[in-house]
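Hi,

Here is the structure I promised to pass on. Have a look at it first, and then read my notes below.

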Amino acid sequence: MSAAPTEELVSQWESEQARLRLQVVDEDMEDWQRNPDFSGLERVAGVDVSFIKGDDVNACAQLVVLSYPDLELLYEESQMVTLTAPYIAGFLAFRETPFLLEALRRLEENRPALVPQVVFVDGNGLFHYREFGLACHLGVLSGLPCVGVAKNLLQVEGVYKSEEHQSQIAALQRGGDSFPLTAASGKVLGKALRSSDKSSKPVYVSVGHKISLDSAVRLTHACCRYRVPEPIRQADCRSREYLRTHFPAADTRITE
């Protein structure tokens, strides 16, 4: 394939991201978000897409809904999907969002009482090349509050794995400690969070939609039994298990 169609597609996707970026709300919109203990929050969701190793087209789109604060499973759906959009760095949402939206819409249609009050996304929100990652994309199109939680640092806008960054990580003493991810412009795009006393490796939290960064960080920590918040961890585990069950000869892996 020539480079021209890809360049045209990237230009189209950049325009779409810029248009949707204007709709992102990065402040608390719900009463429960303003409560110190998140009183009123009852349902938290996690979404994830897992692939069979060596196959970047066929994947399992996973949605889980957990109770809060107990983090017990209320709902799960595993759906095999065929991803038609190409993978281009910075545009993951165009591959995965349509299938995650479909899962949320099926839930709303079939079990409306279990529609989540917030969705955790395995990926970035405002902490992104154009401040519009997967968590923002899903949030704006679904209308639901979304939080982006990435396991690896996206090196963007002057934030990179420098000695200073590593020393800031080392200074995180206990679960709940965090430091801001500040762009070269001075804008805070997210926070590095030590999510558990048991793990010194942080996760990277950013606003997806309809929540403030401080609330997103507090809620992420509140949902962590281990390093990765339970809604994302459960979605990851259950999608992998689905693939292992239905494709027993294949290895599975997770996308970032």
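Start with phenylalanine 120, which touches Val44, Ala45, Gly46, Val47, Val147, Val149, Leu219, Thr220, Cys223, Pro229, Pro231 and Ile232, leaving aside residues up to four places away in sequence. Touching, or contact, means heavy atoms within 4.5 Å.

A quick note on where this comes from: it's a predicted model, in which local features need pLDDT of at least 70 and side-chain atom pairs count only at pLDDT 80 or more, while totals for chains, interfaces and linings use all residues. Residues are numbered from 1 along each chain as its sequence is written, and side-chain values use heavy atoms, with hydrogens and water left out.

Now the cores. Phe120 is in the largest nonpolar core, which has 29 residues; Leu41, Val44, Tyr68, Phe120, Val147, Val205 and Leu219 touch the most other members. A nonpolar core here is a set of buried Ala, Val, Leu, Ile, Met, Phe, Trp, Tyr and Cys residues joined through side-chain atoms within 4.5 Å. Buried means under 20% relative accessible area, exposed means over 50%, and partly exposed is in between (1.4 Å probe, protein chains only). Strand 4 (118–122), helix 4 (134–142), strand 5 (146–150), strand 8 (203–209) and helix 6 (213–222) each supply at least two residues of this core. Helix 6 gives the largest share, four residues. A second, separate core has 27 residues, among them Ala61, Val81, Leu92 and Ala103. As background, nonpolar side chains in soluble globular proteins tend to be buried together.

Zooming out, the protein chain has seven helices and nine strands. Both are DSSP runs numbered from the N terminus: helices are H or I with at least four residues, strands are E with at least two. Of the 256 residues in the chain, 54% are buried. The C-alpha atoms fill a box of roughly 45 × 40 × 35 Å along the principal axes.

Valine 64 stands opposite glutamate 76 in strand 3. Five residues lie between these two strands, and leucine 71 in the turn has a positive phi of about 60°. The loop between strand 2 and strand 3 also holds proline 69, and a cis peptide bond with omega of about 10° joins tyrosine 68 to proline 69. For context, most residues other than glycine have a negative phi, and most peptide bonds are trans.

The other hairpin is made by strand 6 and strand 7, again with five residues between them, and glycine 186 in its turn has a positive phi of about 95°. Strand 6 (residues 178–182) and strand 7 (residues 188–193) are antiparallel over five bridges, with threonine 182 opposite valine 188.

Glutamate 157, in the loop between strand 5 and helix 5 (163–170), has a positive phi of about 50° without being a glycine. Its relative accessibility is 29%, so glutamate 157 counts as partly exposed. Lysine 210 sits in the loop between strand 8 and helix 6, and its phi is near 55°. At 23% relative accessibility, lysine 210 is partly exposed as well.

Cheers

Conventions. Pairing = 2+ DSSP bridges.
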